[in-house]
Amino acid sequence: MAQAAIELIGINKSFGAVRANRDINLEVARGTIHGIVGENGAGKSTLMSILYGFYQADSGEIRVGGKPVSINTSNDAIALGIGMVHQHFMLVDNFTVLENVILGAENDALLKSSIAKARSELDRLEREYGLEVDPDAVIEELPVGLQQRVEILKALYRGAEILILDEPTGVLTPAEADHLFRILKQLKDQGKTIVLITHKLREIMAITDTVSVMRQGTIVATRVTKETTVGELAELMVGRRVLLRVEKGQSEAGAIRLSVRNLTVKDQRGVTMVDNVSFDVRGGEIVGIAGVAGNGQSELLEAISGIRHAVSGEVMLEGKPIDLTGKADPGELRDRGLAHVPEDRHHVGLVLAFEENENSILGYHDDERYLKGPFLDIDAIMADAKDKIEKYDIRPGNPRLKTANFSGGNQQKIVLAREMEQDPGVLIVGQPTRGVDVGAIEFIHKRLIAMRDQGKAVLVVSVELDEIRSLSDRILVMFAGRVVGERGPDATEGELGLLMAGVERQEAAE
Amino acid sequence: MDSFNAVIQVLDSTIRLSVPLLLACLAGLYSERAGIFDIGLEGKMLVGAFAGASAAAVFHSALIGLGTAVLISVAFALVHGFASITHRGNQIVSGVAINFIAAGSTIILGQAWFSQGGRTPALQPGERFEAIIWPGADAIKDVPVIGPIYAELISGHSILVYFAFAMVPFTWWVLFRTRFGLRMRAVGENPAAVDTAGISVAWLRYRALICTGILTGVAGAYLSMVQNGGFVKDMTAGKGYIALAALIFAKWKPVNAMFACLLFGFLDAASIRLQGSPLPLVGKVPAQLMQALPYVLTVILLAGFIGKAVPPRAGGVPYVKER
Ligand SMILES: Nc1ncnc2c1ncn2[C@@H]1O[C@H](COP(=O)(O)OP(=O)(O)O)[C@@H](O)[C@H]1O
Ligand SMILES: [Mg+2]
């Protein structure tokens, strides 16, 4: 085996009571691509952020190129030739690409020469790797795929020999992901070392040389990619056999319960995010909306659930129109039988500082069940919370615990329990399993299908194509604010991927 | 001609009155651009004013006064930094605390040292900054139009006035043309980006606060050593808050800040000028109403006449990596 580019020896890291990394040993050979897979919360980002100097390990040793090093800040890591593309981009949104690239890597106290140098350097990198991006574009105006490119350029500009990418493909279309992989292969051929974090096993099989599996803060296995299988990795990840697809019977679509006609929504900047979208959701079916993040799905959900104003269009709930000018407050829609599980449970779905029982009635707290005269009926609320905890297997099962102290999956269950137990006629769910561990995913999927089987209309938006394919009875694909196609549940990933990339639409236009 | 002279006079006092606002506003710009809200501009100006006048009176030197004003004001800025950067405290609470400490300590120390009811001794010539008369100002004073403009508006101010206005292009240059400015703007928007670029977030923010302290120190010195011949208790009279309003009004941009401060200075000057004299149509207006005008305008402007002012995104939020 070639010389090790990185060795991590006995790394431990805790955040308060959470042991994010325990006794990690990892060796990555120079000039290879090493994959790290693991469920959400397994500690992958933490481990790599330690290598990049963003966090400091509680104990352990790091060697780079065989030499023990101490990495206390990102500056140390950069000096050692380590670059990282973080899961949440580390970009200044209102800066230009150039400004972001030179930040921290300026030549001298004045910017002029740095900008000139970066401009020519970016030009070279662009030609060498096909990393095209307008150096004068402002970050917030770039699509996420290009923002990621800027992050890669930042690392290369600093002369990174070891490149860490943390879940880079989550924000990319399949085609963009392929392009990224070609670039990674090219970098590898030049002798650079790459660590790729992902939870998509197919990507691991396609591009890595070796792979480590993380579970609950430890590395449970390291394999040569050629000698392992997706099945084995999945099992290692979860620690047991997983159902990759939930079983479900035929849907029996009934009457239309939610109907959307010509809906157009603009964002704060006046950019059209949802462009003339129409569809129906019938009782007894799950309609899935697929698409790369940022193609209008969020705004669509927000408009239907009454959080965001729409510019024009018509939405009918159980045959009666919803006021789209924003006057229909979400509470009124709830009363009319529309339940909403928002995409962003931390900011919209929950008040993290509240106790579990408070969150489990949030938004329904005016309901007579929870009131005693003008006061909250604490006993009733507690009994109700305990009931939900039991039914939805929320752990730890303590309704007095602060919501922030629950894991992502359990927080999501709190929201789902709250919304589903109101027995709504229409349920709309954004990213049902984002940041949720595999065990809980299965549970949540089963619940959604149970809702369907009770004759409810379920609308699911997710950026996880697998999830959409396994749940939906019909799949709508959104691209650039439009619904660009409708497919059945048996549509192939490739077919949907092309739609998600807007390929078909462009061809049709030509 | 009379009315022309009146206009010149109002403009002249506009300049004088807007200088402390401008210095404080630019001071706030440095810290807020770096992501630290600083409601303690008022307090830092006040301690600057007190320290400046005290040191000038004791050492008989305007320069020593100015230096002391800056030192003490920077020291207070560092206290704010220690609370809000190092200890990740609430920036508003820290700022308010600084204002209280400033208001109380200047009176107590003033009384203890000088026994003049919280005042410092009246400054003598040489202990305060004098007006600088530009070459030829006297000669062309009587030339119509140009004469008064040159002699009154341009010439005849103290060095601190020119310093304040010079700080406008200088601050713009620092923000948009230097490495420090780039990093400072970045840290106010996304400190994690700065951190992962290998730059110390804390040290960067401290440096921004030092700039803030220097400017509030000069603003304080201007109040007690130029505008007034000594320190009077509570002499900042809310200027620090008006400067904060001007900063928002200016959308955190230096040139805008200058115009915002000139506007507030003008209202102040106009209200002084118009006190007691009857206005056309409305007749005589009570002095209190005129004095309230700048504040009323502040409320109106901030209530939405300026469009959306987007503050630096990380403003007011301590940088915490590990929850
Ligand atoms: N900055 C932080 N402060 C506190 N806890 C954290 C922080 N970052 C991660 N954690 C916790 O550490 C664990 C591992 O997280 P992470 O490394 O992000 O996992 P992964 O990248 O594998 O999804 C999780 O339980 C997470 O909640
Ligand atoms: Mg992660």
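Predicted model: local features only at pLDDT ≥ 70, side-chain atom pairs only at ≥ 80, totals over all residues.
Local features need pLDDT of at least 70 and side-chain atom pairs count only at pLDDT 80 or more, while totals for chains, interfaces and linings use all residues. Residues are numbered from 1 along each chain as its sequence is written, chains are lettered from A and ligands numbered from 1 in the order in which they are written, and side-chain values use heavy atoms, without hydrogens and water.

S45(A) belongs to helix 1 (residues 44–51) of chain A and Q87(A) to the loop between strand 6 (82–85) and helix 3 (97–102) of chain A, so the pair ties together parts 42 residues apart in sequence. Helices (H or I, at least four residues) and strands (E, at least two) are DSSP runs, numbered from the N terminus.

Ligand 1 is surrounded by 15 residues (a heavy atom within 4 Å), the closest being G41(A), K44(A), S45(A), T46(A) and K321(B). Chains A and B both contribute, so the site is shared between chains. The side chain of S45(A) places an N or O atom 2.7 Å from an oxygen atom of ligand 1. For a backbone N or O atom of G43(A), the distance to an oxygen atom of ligand 1 is 2.9 Å. Helix 1 of chain A supplies the largest share of the shell, three residues.

Notes: Polar contact = N/O pair within 3.5 Å; in protein donor to acceptor, adjacent residues only side chain to side chain.
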